[in-house]
Amino acid sequence: MMGPGWYLRRLSRMGPAEVVGRARHAVVQRQWRSALPTPPDWPSRPRFTATLPAGVLGKVSGEAVARLLATADELMAGRAEFFGVERTDFASPDWFLDPKTGRRAPSDVYAFDVPYRSEDTVGDIKQIWEPSRHQHLTVLAAAYALTGSPAYASRVAEHLRSWWTANPPLRGPHWVSGIELGIRLLSWVWTRRLLDGWAGAAELFEQNPDFQLQLWHHQNWLATLRSHGSSANNHVIAEDAGLLAAACAFGWFPESAGWRVEAMRSLDVQLGRNTFASGLNAELASEYHGLVLELGLAAAAEADAAGTPVPDSTWDVLLRMTDALASIVDNKLRPPRQGDADDGFGLVVDGTATDRWASLLASGEALFGRLDWWPPLPGDDVRTPLLASLVSRTPRVQGVRPGRRPAHLRDAGMTILRAGRVWVRCDGGPHGFLSIAAHAHADALSLEVRHDGVDILADPGTFCYHGEPQWRQYFRSTLGHNTLELAGRDQSVSGGPFLWTRHAVTKVLEVHTPDIGPARWSAAHDGYAPAVHRRTVELDGDELKIVDEVLGEGPPGEARLAFHFGPSVTVMLDGTTARLRWTADGTSESGAAADPVAGRVSGSLTSAARTAVMELPSELAWTVHRGDTEPPLGWYSAGFGRKEPATTLVGSGMPGHLTTLLRFS
């Protein structure tokens, strides 16, 4: 639970309007405790008309169907995985159980009394919330739509009836967070759409008083308690998207028309606020760029299909986000790993083997068209033909699309240097979004380096949000990134797991990214004021040069320069020379004994070996870390809830003019 100090720090990041708004929300929550709002009468014969156009299911490729059915059949067998935890009880899940800790959240408690941040009380809330986004049900519903097998539809009905019974309005943890309600509504819309043609669909949805109650209370919650102020980030996008989609597809209430208008207006405004002019998501957290783009595309397509006018400004933002994504991915279509990531999806109708980022770009291509500089998109997916079929016209856009692949997205401070198979992300942007920068890390001037899509110098990731403060702090820390720590402190000051009270200010000094020849980037930040950390990066073919300088008056204190390697990279340190090796596909080496000092292994590599040499600054004393726990150091999180040991080199000493050279063979 958060103490008084956190509440004071959180209050200090709010403006007067936000304080008033939160007070208004508190009054509403107090009123709902004593008397639930009453939904209007249900229409006598509601009809669901938001169906897919005839013939669109036939456009889904056999490969995409096979991937979908592989996932759906695992779900039918009761098997599912959430954040690294395998579940075998998913034929009939307990909606309140955290399988990681074994704890069960209180189910019959007023929603706003549930201490969801306390893992000791409720367990890991992400493990509890995620299945109740009902995105596994859209997968099962898609399997029904593409096969006609009623077993998939029956399982969907069992889960929905179970959930509606176990979660009456405003009781338990699933009514606490608006983002959960918004994504759940979007899932219900697509579940009903994909079950169209099943004999039990109308009885499950429009003829079901339990669904009526749930649907109205979800929408009323979102219309009344919309996120605002310093919390108006990806959460408000999900809230607006869910409210808009449900009011369009299930427009059976007297409030539905008003909800549609207000949700569309808010979504348009918030997409603009949450997106830089360059198209990158303003939270500067790469996975949230994907989440917001998925939500925005799904909501806009839903509105367009329902005849609700979608502003050109909404389509323009979604286009810019799509082009920005195409501009920053590496040659394997992987985006950066910047900032927080919690594996959140907006709409899921594909199997887990479908590449998320290729699917997003495919949807963008279907709606907006591809540019000549876009990367090739391998394979196909289920979502793209279905989503595109809802849009009755080619979305109009007002902005001018980039004629060549952008390398420097100035407003976001992200620069991508490329040379053959080498991809380098340089971070020279704002610390984060809004006054709390909730999903930011203390990573100013950090780098990511990949070779043919394999993490060489890696951003370690996120791993967790609640419940494990030591790990949350590490994965957000300056030392946890490929940058320089000074005097043992982070560049920005944390006030809580989603709160920063002081933000380092970064300025890009130079960018030179020619089509041919060496590329150069230089930036500095004031996080150690009065000292200034300046970093210069040059990429010339297969050689990367990194120069770190600490400028300013007075003694700067001891520096620690960290380099974090991807989990497939073996690191052999000899003095100030590090020899790197990895497999071309980035998989672990097999048949070799672990070497806790050198890094990953001490055995032989497969024939597809890759190597590099890193010359480290001789002014610093270098140590190797791998899987340390006291304190944490040398870890990589491939996804939320998952972590594995990886090699980290740390150089300690007095800062000066520090030069690092990385040469790929």
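**View 1. Strands S4 and S5 pair up antiparallel.** In this predicted model, S4 covers residues 414-419 and meets S5 over six bridges. Look for Leu-417, which sits opposite Val-424 of S5. The hairpin that S4 and S5 make has two residues between the strands, and Gly-420 takes a positive phi there, near 60 degrees.

**View 2. S5 also pairs with S6.** Here the partner is strand S6, residues 447-451, running antiparallel to S5 with five bridges joining the two.

**View 3. Strand S5 is mostly covered.** S5 takes in residues 422-427, and six of its six residues are buried. Side chains in a regular strand alternate between the two faces of the sheet. In S5, Val-422, Val-424 and Cys-426 point one way, while Trp-423, Arg-425 and Asp-427 point the other, and all are buried.

**View 4. The largest cavity holds about 80 Å³ of space.** The structure has four cavities of 30 Å³ or more. Helices H13 (286-306) and H14 (312-328) each give at least two residues to the lining of the largest one. Among the lining residues are Ser-286, His-289, Leu-325, Ile-328 and Met-414. By type, the lining splits into seven nonpolar, four polar and no charged residues.

**View 5. The second largest cavity comes in at about 50 Å³.** Its lining includes Ser-230, Asn-233, Glu-283, Phe-433 and His-439. Five of the lining residues are nonpolar, three polar and one charged.

Key. Residues are numbered from 1 along each chain as its sequence is written. This is a predicted model: local features need pLDDT of at least 70, side-chain atom pairs count only at pLDDT 80 or more; totals for chains, interfaces and linings use all residues. Side-chain values use heavy atoms; hydrogens and water are left out. On a 1 Å grid over the protein atoms alone, a cavity is a set of points where a 1.4 Å probe fits but cannot get out, and a pocket is an open set with protein on both sides within 12 Å along at least five of seven lines; lining residues have an atom within 4 Å of a point. Grid points are joined across faces, edges and corners, and a volume is the space filled by probe spheres set on the points. Helices (H or I, at least four residues) and strands (E, at least two) are DSSP runs, numbered from the N terminus. Ala, Val, Leu, Ile, Met, Phe, Trp, Tyr, Cys and Pro count as nonpolar, Asp, Glu, Lys and Arg as charged, and the others, Gly among them, as polar. Buried means under 20% relative accessible area, exposed over 50%, partly exposed in between (1.4 Å probe, protein chains only). Two strands pair if DSSP finds at least two bridges between them.
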